[in-house]
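The exercises below are meant to be worked with the coordinates open, and each task is followed by a solution that goes step by step.

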Amino acid sequence: MIEMLSKRETGSFYTCSSVADYISRWAISDPSQSLLEPSFGDGSFLYSAISRFAELGQVSPHIYGVELQKAPFLAFNNTGTDVSLLNHDFFDYFPNTLFDSIIGNPPYVRLKNLSLESREKALAAMKAHNFHLPLNASLWMPFVVHATELLKANGRLGFVLPYEITYVRYAFRLWDYLSSHFGSLSVIRVHEDFFPNVDVETIIFLADNKGASTDTVHYLAYTSLSKLFAGNHVINTTVSIADICNMKRPFEQAMLHSETKSLLNQFKESGSIRPLINDCKFKIGYVCGDKYFFHPTPNIQNEYNLSDANLLPCLRNAKEINGIPSIGVDTHHAVSPSKLFYPATILPGDKAYIEFGESQDVHKGFKCRNRSPWYITPSIEVPDLILTVFGDVPKLIANDGGFVVSNSLLSGIITSGQSKKEMICRWYNSLTLLMIELGIHSLGGGTLVLIPGEVDRLEIIAMVPEESIFDIYQALDICMIEKGASATYKAGDELVLRRLYHLSQQQIDSICESLFFLRSWRNPTERRS
């Protein structure tokens, strides 16, 4: 929590006073309680705590604040407020007396972005409790653990945390820890954005009854802060901690329309949907290094007389796919503007181009210097399917044109006897889009990013009868070329969900309603409107 200039590198974002008030009122129920704010920043939680204690008739409350950054510490200290303050690293803070309540908004910064000293302190604090965090983990997690250790029996913890706590792998161990340290856990999600200028969706996390245990989380969702304060929820349910740790995305599942839940259960029980991994394995495409050197322009190809045999037709990203008019749901008639330099047999022109690359220090780049020879891109293969990575309506296309693809796309290799055409027919419908919302995490800005492990677990329509594949495939291909991806998914609703799986229009509408509801909660533009 520091001044505006340093927010990016410290993960410091100040909490609006109304949210701080809400957490303070929950955390403080007795005027004799002691309270800690472990990274007080602009002091919003401290002010709220002072007001709450005043409501309870306590004019000299036991409030303590810790802040690492000098500027906000001095700014609040100069207000003359009667709070015990310490300009200190929270992970060096081991008070003699534990606290009844700890509240705040810990920093949202990746461990890899901290100074070496700060990172080692956070990691050491976690290792003391058998946590082994990856460097892409965020500092809020060590804050939660260390704060828990500073609570008295029956104490309360109330933090504003990133929504990623509900799905990131490194938080699964945290949920086990929390379940064994608190008798009650709550996640409160509000559609209205707490931090409209920051690409982080946040939740209110409440943990009560320190020293007890639980295997569930109370999950509440509200459309706005005013609805939260009025107690008018849209979701009020219980989530299993086991489901969180088993990657079942229960917080998303809880937001489904009841008819959609019933339909998905029916599909699973009947075997009408199954994971993609049963038929196809996805992985990232090739990683070449210097993209300009390894994708020579036509002029460079001519200048060096590069051998056609050493120039592999490739697709580098979704922009190229979308820019080729002949690509519908396959690459059969596509002509890509890009070629990958892959000199398997080196001819004079290729040798000269390699020497040119060395003169430009291409061979010293991170990827190139760790392979031999440096100019051969590893893991080159022609996938059966190509999947775009970003966006609400990803494109899956059959790779009949035999292209290799870069790591900006996903490469799918069919492992069962299903044809590429059947895989395409299974994919395009709104049920697939719903499963993507349920199973794929988004970046901070709400953009979906498809990664291999999550894609592999997506459950989609299990099969399309052989006699129907050709007609459906042709219709999807024409629709993609003429109307685009969104219309193609809608076409699949009619061709596959309605005609083959006999879903009613009401059931299809239910799927779409759940899809759009989940999207609206993921999309920061809608959460800020």
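**Exercise 1. Determine which residues of H17 meet which residues of H20, and describe how the two helices pass each other.**

Solution. Start from the contact list, taking contact as heavy atoms within 4.5 Å: Lys 421, Glu 422, Ile 424 and Cys 425 in H17 meet Ile 469, Ile 472, Tyr 473 and Leu 476 in H20. Sorted by class, this contact holds 6 nonpolar, no polar and 2 charged residues, where Ala, Val, Leu, Ile, Met, Phe, Trp, Tyr, Cys and Pro count as nonpolar, Asp, Glu, Lys and Arg as charged, and the others, Gly among them, as polar. Next take the geometry: H17 (residues 420-427) and H20 (residues 466-483) pack at an angle of about 65°, with their axes 9 Å apart. The axes are lines fitted to C-alpha atoms, for helices over the stretch in contact, and angles run from 0 to 180 degrees between N-to-C directions. Finally, H17 passes H20 in a left-handed crossing, that is, the near helix is turned anticlockwise from the far one by less than a right angle, clockwise being right-handed.

The model is predicted, so local features need pLDDT of at least 70 and side-chain atom pairs count only at pLDDT 80 or more, whereas totals for chains, interfaces and linings use all residues. Residues are numbered from 1 along each chain as its sequence is written, and side-chain values use heavy atoms, with hydrogens and water left out.

**Exercise 2. Work out how H21 and H22 are oriented, and which residues bring them into contact.**

Solution. The axes of H21 (residues 485-498) and H22 come within 11 Å and cross at roughly 135°. That makes H21 oblique to H22, because angles under 35 degrees count as roughly parallel, over 145 as roughly antiparallel, 65 to 115 as roughly perpendicular and the rest as oblique. The crossing of H21 past H22 is right-handed. On the H21 side the contact uses Lys 490, Asp 493, Leu 497 and Arg 498, which meet Gln 505, Ile 508, Ile 511 and Cys 512 in H22. By class, the residues of this contact divide into 4 nonpolar, 1 polar and 3 charged.

**Exercise 3. Is Ser 520 buried or exposed, and what surrounds its side chain?**

Solution. Ser 520 lies in H22, which covers residues 505-522; helices (H or I, at least four residues) and strands (E, at least two) are DSSP runs, numbered from the N terminus. Its relative accessible area is 12%, so Ser 520 is buried, given that buried means under 20% relative accessible area, exposed over 50% and partly exposed in between (1.4 Å probe, protein chains only). A polar atom of the Ser 520 side chain lies 2.7 Å from the backbone oxygen of Phe 517. When residues up to four places away in sequence are not counted, Ser 520 touches His 191, Glu 526 and Arg 527.

**Exercise 4. Describe the surroundings of Lys 281, and identify the partner of its side chain in a polar contact.**

Solution. Lys 281 is found in strand E11 (residues 280-284) and is partly exposed, with a relative accessible area of 36%. Leaving out residues up to four places away in sequence, Lys 281 touches Ser 411, Gly 412, Ile 413, Thr 415 and Asp 456. With Asp 456 there is a side chain to side chain polar contact at 2.8 Å, a polar contact being a pair of N or O atoms within 3.5 Å; within protein, one must be able to donate a hydrogen and the other to accept it, and residues adjacent in sequence count only if both atoms are side-chain atoms.

**Exercise 5. Compare Arg 249 and Asn 305: where does each lie, and is each buried or exposed?**

Solution. Arg 249 has a positive phi of about 50° although it is not a glycine, and phi of Asn 305 is near 55°, also a positive value in a residue other than glycine. Arg 249 is found in the loop between helix H9 (241-245) and helix H10 (250-253), whereas Asn 305 is found in the loop between helix H13 (298-304) and strand E12 (311-315). Arg 249 is buried at a relative accessible area of 9%, while Asn 305 is exposed at 62%.
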